[in-house]
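Keep the structure open while reading.

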Amino acid sequence: MGLFTILLFIPNPTFAEVFVPLHEYLGYFDSNGIYTVVGNVKNENNFAVIPTITVSVIDGAETISKTIKHVPLAVGSEIPFKIKFPEIKSNIPVLVNPELTFEKTIKDEIPIQVLYDKTLIKHDDGHITGKIQNTGNQTIHYPKLFAVVHGYDRVLDITQNIEFIEKIEPGEILDFTMYPDPSITEDVFYYSCFGPVDMSVVPISVKKNEGKFDLRYDSPGTFFYDAKYDERGTDLTIRSTNSYPFPTYANFEFPPISGNEKFSVTLNDEPIDFIQSMDQMGYWHVAFDVQPQSQGILKISGFDEGLPPDMPLVPMWVKQNGGWWSTNQIIDSEFLEGIKFLVDTQIIEVSTLEKSSQSDWKIPSWTKTIAGWWSEEQISDDEFLIIIKNLIERQIIVV
């Protein structure tokens, strides 16, 4: 058994309890013949972390490595990962033990729970159906549910729900379905380690207008690869393959260039229906259905020329709310929703914060002057964040 390379961003290395269990780390050729590596990151520290995993595969005389920076991992939780290696040419690649680093962060457990009752069913063909519930008091956007697929005596795959979930409200219960890769369907024995996440984790970097454009996608069962922009940088083409015998979805995420982009989507030059939206952080989402056992060339058109500017530290909607609140166009709780968002996403890092219900939120009316200055650009984002951080830590503002 090999050793992990672990680099800590904390002073005391004795707390390095973030690891990938080797018995849950494996590579296999999927039903499309693409070499696939799956694993599971566990966090046994008493603080949340952001793990970065580097996976290397020896392919003949060449070593191919890929790195993903995963989503924040809460205390005592775990999250699977899956990485595709279409570059692998040999029939006997050698999987190297993973390298793992992590950063300490602040992250609450995502309040999505699988209902372990009679609705959780593993079917004869190896797929599983069940229900999830949002047990928290906040809406969760774009959640996904991952799980480890086991055979009788070994891990077989990592899979996720095939339904596109734009959001799940507090207390809401939704159905989910998971399918393993068709190449291992007959060997499925059980599922474990159900883990909810709320952001995409499959990154792609593409050359665009003499620079690099970073995007991400989420699509259970479908693999996207060979992404290219045209010379103008307005049309993105990317190959897709869905080997699964069921319909699924794809959700692409892009940083905005002007914020006024209007996209269109085709598959093999035929228009397809899609949904275009912008999330709370100001990123575009383009989501559409993917047909079973389909493949082709996807084209997303409508990008502005050039590269995205640096994303603002504070999402525009929060700043806009500050201006509206300063002129009494929205109530306190609506403005404080934005402040809580800044705290939850660590844009405002508060050393100690006692959780409170929305009914206990408070903010003095005199801070409307500060919000007004901020919305009118009289103070910078950094100055505003420092002021709000100070007021929260002194419990003048409660969220």
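Phe29 stands opposite Tyr35 in β4. This is a predicted model. Phe29 belongs to strand β3 (residues 26–29), which pairs with β4 in the antiparallel sense over four bridges. The two strands form a hairpin, with five residues between β3 and β4. In that turn, Gly33 has a positive phi of about 80 degrees.

Val41 has Ile79 in β7 as its bridge partner.

| Partner of β4 | Sense | Bridges |
|---|---|---|
| β3 (residues 26–29) | antiparallel | four bridges |

How many residues of β4 are buried? Eight of the nine are, so the strand is largely enclosed by the rest of the structure.

Now the helices. Helix α1 (residues 316–326) and helix α2 (residues 332–344) have axes that come within 9 Å and cross at roughly 150 degrees. That angle makes α1 roughly antiparallel to α2. The crossing is left-handed.

Which residues meet? From α1 come Trp317, Val318, Asn321, Gly322 and Trp325. From α2 come Asp332, Glu334, Phe335, Glu337, Gly338, Phe341 and Leu342. The residues of this contact divide into six nonpolar, three polar and three charged.

Note on methods
Residues are numbered from 1 along each chain as its sequence is written. This is a predicted model: local features need pLDDT of at least 70, side-chain atom pairs count only at pLDDT 80 or more; totals for chains, interfaces and linings use all residues. Side-chain values use heavy atoms; hydrogens and water are left out. Axes are lines fitted to C-alpha atoms, for helices over the stretch in contact, and angles run from 0 to 180 degrees between N-to-C directions. Angles under 35 degrees count as roughly parallel, over 145 as roughly antiparallel, 65 to 115 as roughly perpendicular and the rest as oblique. A crossing is left-handed if the near helix is turned anticlockwise from the far one by less than a right angle, and right-handed if clockwise. Contact means heavy atoms within 4.5 Å. Ala, Val, Leu, Ile, Met, Phe, Trp, Tyr, Cys and Pro count as nonpolar, Asp, Glu, Lys and Arg as charged, and the others, Gly among them, as polar. Buried means under 20% relative accessible area, exposed over 50%, partly exposed in between (1.4 Å probe, protein chains only). Two strands pair if DSSP finds at least two bridges between them.
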